[in-house]
Amino acid sequence: MDFINSEVYKKIFAFHSSASAKIVARESGWLEFKEQFNWASKDKYAKSMVAFANNKGGYIVFGVKDKPRELVGLQSNNFETTDEAKITAYLNDVFSPEIVFEKFIVEVRSKNIGVLHTHQAKYKPVVCSKNDNDLKESDIFYRYNARSERIKYPELKLLLDEIKTEERKSW
């Protein structure tokens, strides 16, 4: 995917004309901003990633201050030096089935920005398989408008109904 020329990129990195570093986009059901990347917060990032996977997919963008939404750029190389295999190993250790994601860095207005793009899960729900800080075994997270939370009954029923429908189609 050519992220820099995509509509998603244009939505995320649209700026207010009055303030050059202020971003128009808000956190949403598919977008979350983080000022910095720190591997010690991996459980929080994983919670957002699994919530995106259980919904329609989404993006965690590192290097954007949330309040106000301002482009600050990555202040260290922590994101760049964290290997995708390490992230994958952690996600596979804590969740099942697999969470598919892409990790990349883009330059926006001369600042490096880290992006984790989580794809919608093919097989839902993705469930937490062991405890790790904020993550508890058997938790199912879902992305609600600008929040990653434990799934509520209506969304869980919808996921299970989708599974039933797909199963019937295959018959």
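1. Setting aside residues up to four places away in sequence, Phe62 touches Lys34, Glu35, Gln36, Phe37, Tyr45, Leu74, Phe79, Ile113, Gly114 and Leu116, contact meaning heavy atoms within 4.5 Å. The model is predicted: local features need pLDDT of at least 70, side-chain atom pairs count only at pLDDT 80 or more, and totals for chains, interfaces and linings use all residues. Residues are numbered from 1 along each chain as its sequence is written, and side-chain values use heavy atoms, with hydrogens and water left out.

2. Phe62 also belongs to the largest nonpolar core, which has 25 residues; Phe62, Leu91, Phe95, Leu116 and Leu135 have the most contacts inside it. Such a core is a set of buried Ala, Val, Leu, Ile, Met, Phe, Trp, Tyr and Cys residues joined through side-chain atoms within 4.5 Å. Buried means under 20% relative accessible area, exposed over 50%, and partly exposed in between (1.4 Å probe, protein chains only).

3. At least two residues of this core come from each of helix 2 (42–54), strand 2 (58–62) and helix 4 (84–94). Helices (H or I, at least four residues) and strands (E, at least two) are DSSP runs, numbered from the N terminus. Helix 2 gives the largest share, seven residues.

4. In helix 4, the buried residues are Ile87, Tyr90, Leu91 and Val94. Because they cover an arc of only 95° around the axis, they lie on the same side of helix 4; the arc is that of the directions from the helix axis to the C-beta atoms.

5. Glu80, in helix 3 (residues 78–81), counts as exposed because its relative accessibility is 51%.
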